[in-house]
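Welcome! Take a look at the chain below, and then we can walk through some of its features together.

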Amino acid sequence: MTEQQFYEQLKANGITLSDEQLEQFRKYHEILVEWNEKMNLTAITDREEVYLKHFYDSITAAFYFDFTKPMSICDVGAGAGFPSIPLKICFPHLNVSIVDSLNKRITFLNHLADELKLEDVHFYHDRAETFGKNAAHREQYDLVTARAVARLSVLSELCLPLAKTGGHFVAMKGAGAAEELDAGQKAIALLGGKKTAVHAFTLPEEESERSVIVVEKVKSTPKKYPRKPGTPNKSPLS
């Protein structure tokens, strides 16, 4: 996806980028490639692939969920900043927090935020399981996002404890989302969530399957969740 195609596809979906925002995406790609030589951030570095598979793919969440109003977002396991940093560039009013278990990725994100002059972004080096028990963050966010981090039954335990009641959890998934949702329904309910929408679509050009799963937090998460680090992955709720 060329920069022009990126701009036009977003515009067709109601998101018009300024020259400054386009420059932020250019710089994002440059910094990603530069740092990727020192640490493993992504297997995708080709400019057009990054624009399609990282930038555009991250922003597709905004085609199905309203990011235009002020809100606090927590992105769990964002790695090199996906999906929350591309969303932040498009919607500068968002207050974004990222939690990631690798400190070197946090170092990268801090550098990236400085270079892109992003405000109201906060980075936390922590496991999602312990972060979700932290009273300063538990049930404090309007929206919790995750992209390709773990199976939905696992992801729900990492993300739903961070969403406030009345808030949302948005999971961005590839192929197999329907099966994951079937397997994860019990976990979602147990953790205080309720699936409100599933949007299936294909990524332009390569036509790969994508799904955006929207879960509303309808009641408080029981105190015992999330369980100890590593437990959700070893013994998913089902």
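## Two cis prolines

Pro226 sits in the loop that runs between strand 7 (209-217) and helix 10 (231-234). In this predicted model, the peptide bond joining Tyr225 to Pro226 is cis, with omega about 0 degrees.

Another cis bond leads from Phe82 to Pro83, where omega is near 5 degrees. You can find Pro83 in the loop between strand 1 (72-76) and helix 5.

## Helix 6 and its buried side

Helix 6 covers residues 103-116, and its 14 residues should span 20 Å at 1.5 Å a residue; the end C-alpha atoms are 20 Å apart, so the two values agree. Which residues of helix 6 are buried? They are Ile106, Phe108, Leu109, Leu112, Ala113 and Leu116. These residues cover an arc of only 155 degrees around the axis, which puts them on the same side of helix 6.

What do the buried residues of helix 6 pack against? Their partners are helix 2 (19-36), helix 5 (84-90), strand 2 (95-100) and strand 3 (121-125).

## Positive phi angles

Just after helix 6 comes Lys117, with a positive phi of about 55 degrees. Asp120, in the loop between helix 6 and strand 3, also has a positive phi of about 55 degrees, although it is not a glycine. Its relative accessible area is 43%, so Asp120 counts as partly exposed.

Glu207 belongs to the loop between strand 6 (193-202) and strand 7. Its phi is positive too, near 60 degrees. Is Glu207 buried or exposed? With a relative accessible area of 51%, Glu207 is exposed, because exposed means over 50%.

## Two buried residues

Thr60 lies in the loop between helix 3 (47-59) and helix 4 (61-64). Its relative accessibility is 1%, so Thr60 counts as buried. A polar atom of the Thr60 side chain lies 2.6 Å from the backbone oxygen of Asp57. Beyond its neighbours within four places in sequence, Thr60 is in contact with Met172 and Phe201.

Ser156, in helix 8, is buried with a relative accessible area of 0%. Not counting residues up to four places away in sequence, Ser156 touches Pro161, Phe169, Ile188 and Leu191.

## The largest pocket

The largest pocket holds about 520 Å³ of space. It is lined by 26 residues, and the closest to its centre are Val76, Gly77, Asp100, Arg105 and Val149. Strand 2, helix 7 (128-131) and helix 8 (152-159) each supply at least two residues of the lining.

Conventions:
Residues numbered from 1 in each chain as written. Predicted model: local features only at pLDDT ≥ 70, side-chain atom pairs only at ≥ 80, totals over all residues. Heavy atoms only, no water. Helix = DSSP H or I, 4+ residues; strand = E, 2+ residues; numbered from the N terminus. Buried < 20%, exposed > 50% of the residue type's maximum accessible area, 1.4 Å probe, protein only. Polar contact = N/O pair within 3.5 Å; in protein donor to acceptor, adjacent residues only side chain to side chain. Contact = heavy atoms within 4.5 Å. Expected span 1.5 Å × (residues − 1). Arc of directions from axis to C-beta. 1 Å grid on protein atoms, 1.4 Å probe; cavity = no way out; pocket = protein on both sides within 12 Å on 5 of 7 lines; lining within 4 Å. Points joined across faces, edges and corners; volume = space filled by probe spheres on them.
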